[in-house]
Amino acid sequence: MQCQDLHHFGQKLVRRRLLEPTEDSESPMAPLNPMKLVAFGVASTLGAGVYILVGEVAMFIAGPAIVISFLVAAVSSVLSGLCYAEFGTRVSWTGSAYLYSYISVGELWAFITAWNLILSYVVVTGSVARAWSIAFDSLIGNHIFQALEGTFSPYMPYYLAKYPDFVALSLVLLLTGVLVLGVRESVLVGKISTGINLLVLSFIILSGFIKGDLHNWKLTEQDYTLNTSESGDIYSLGPLGSGGFVPFDYDGILHGAALCFYSFVGFDDIVTKGEEAPNPHRSIPISIMSTVFICFLAYFGVSATLTLMVPYYQIQSDSPFPQAFLHVGWGPARYVVAVGILCFLLYR
């Protein structure tokens, strides 16, 4: 009897949802052509990584070679995106990785996938809210950090925040209330936010061509020693690399690529629109690859701009681009960039 119960329980864990054909009347929305899918994917993918993660990876992990890290991450994203595309074209329902797992490999793996998705959404929401709070605090002169810096014990683990971020918490609660009220206004805000984001990114990249210095990709230990001696720093070169275009060697490039892959998360949202695509077997793979390529160009441009404008060891990881404009003598431009960053992260 117990063996039969265990066998019955095991069958429940691996049972799969049947794939049933859907009628056209069940999808009343207008079809999405590849252009609309690419626009949707770019808006979903360009996130906090382009403004916050770039500075941290460039300063501590990869240096100017962050541009190669983004290339490696983009190639990995394309391979992952093709896997998503295969699922999306085989299952033409509007859904997510949970639905695809339920149909293909069974209920147990779908259950695990669903909780992983929930965890990823929580992490993404928290990281974006934290990025918005840091950008806002930098814009007003770091008064929030100075007021709350000593709230936590100095013996707290390094991976926790240095102070309780009530601004990020308030932002999450506020936007949750806005989403509860309706989605029409949210869509309008998203379109305006994406437009502002593209303008800000274009301004940052053009500024890098104007104010950038190729010498910052050829830094030596003597350059570092000269800068630190003038500023009064006494710590050694140590964890900041050995200069050149690849100061942290090829291990830094691969380590940076692992973190930069996070910046490409979001292209998988295209697959959830498979039911609305007129020819998903063709439009979804093309849209995913186009989205990853466009986002790679954006990430490549802003990371190259940042490391050309500022020596990698002088980048302010919390707010890299406003501080970069201050470094090159374009003080007023940092406010324009900061406001654009706030508008974009508010939608994310």
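View 1. Helices here are DSSP runs of H or I with at least four residues, strands are E runs of at least two, and both are numbered from the N terminus. This is a predicted model, where local features need pLDDT of at least 70, side-chain atom pairs count only at pLDDT 80 or more, and totals for chains, interfaces and linings use all residues. Residues are numbered from 1 along each chain as its sequence is written, and side-chain values use heavy atoms, with hydrogens and water left out. Helix α3 itself spans residues 53–62 and is mostly covered, with 8 of its 10 residues buried. Buried means under 20% relative accessible area, exposed means over 50%, and partly exposed is in between (1.4 Å probe, protein chains only). The buried set in α3 is Leu53, Val54, Gly55, Val57, Ala58, Met59, Ile61 and Ala62.

**View 2. Helix α13 also has a positive-phi glycine after it: Gly329, with phi near 90°.** Helix α13 covers residues 320–327, and its buried residues are Pro320, Phe321, Pro322, Ala324 and Phe325.

**View 3. Phe264 sits in the largest nonpolar core, which has 61 residues.** A nonpolar core is a set of buried Ala, Val, Leu, Ile, Met, Phe, Trp, Tyr and Cys residues joined through side-chain atoms within 4.5 Å. Tyr51, Ile66, Phe70, Ile204 and Phe264 touch the most other members. Helix α12 gives the most to this core, with 10 residues. Leaving out residues up to four places away in sequence, Phe264 touches Thr45, Phe70, Ala73, Ala74, Ser77, Val292, Cys295, Phe296 and Tyr299; a contact means heavy atoms within 4.5 Å.

**View 4. Ser283 lies in helix α12, residues 280–309.** Ser283 counts as buried because its relative accessibility is 4%. Its contacts, again skipping residues up to four places away in sequence, are Pro34, Leu37 and Ala277.

**View 5. The largest cavity holds about 50 Å³ of space.** There are 2 cavities of 30 Å³ or more. For the method: on a 1 Å grid over the protein atoms alone, a cavity is a set of points where a 1.4 Å probe fits but cannot get out, and lining residues have an atom within 4 Å of a point. Points are joined across faces, edges and corners, and a volume is the space filled by probe spheres set on the points. The lining of the largest cavity is made of Ala135, Ser138, Leu139, Ser319, Pro322, Arg334, Tyr335 and Ala338. Helices α6 (107–139) and α14 (331–347) are the elements that give two or more residues to that lining.

**View 6. Two of the spans that an unreviewed UniProt entry lists as "transmembrane region" are residues 60–85 and 97–118.** UniProt positions are in the numbering used here, feature names are shortened, and annotations may be inferred rather than shown by experiment. Residues 60–85 are 88% helix and 0% strand, with end C-alpha atoms 34 Å apart. Residues 97–118 are 91% helix and 0% strand, but here the end C-alpha atoms lie 11 Å apart.

Technical notes:
On a 1 Å grid over the protein atoms alone, a cavity is a set of points where a 1.4 Å probe fits but cannot get out, and a pocket is an open set with protein on both sides within 12 Å along at least five of seven lines; lining residues have an atom within 4 Å of a point.
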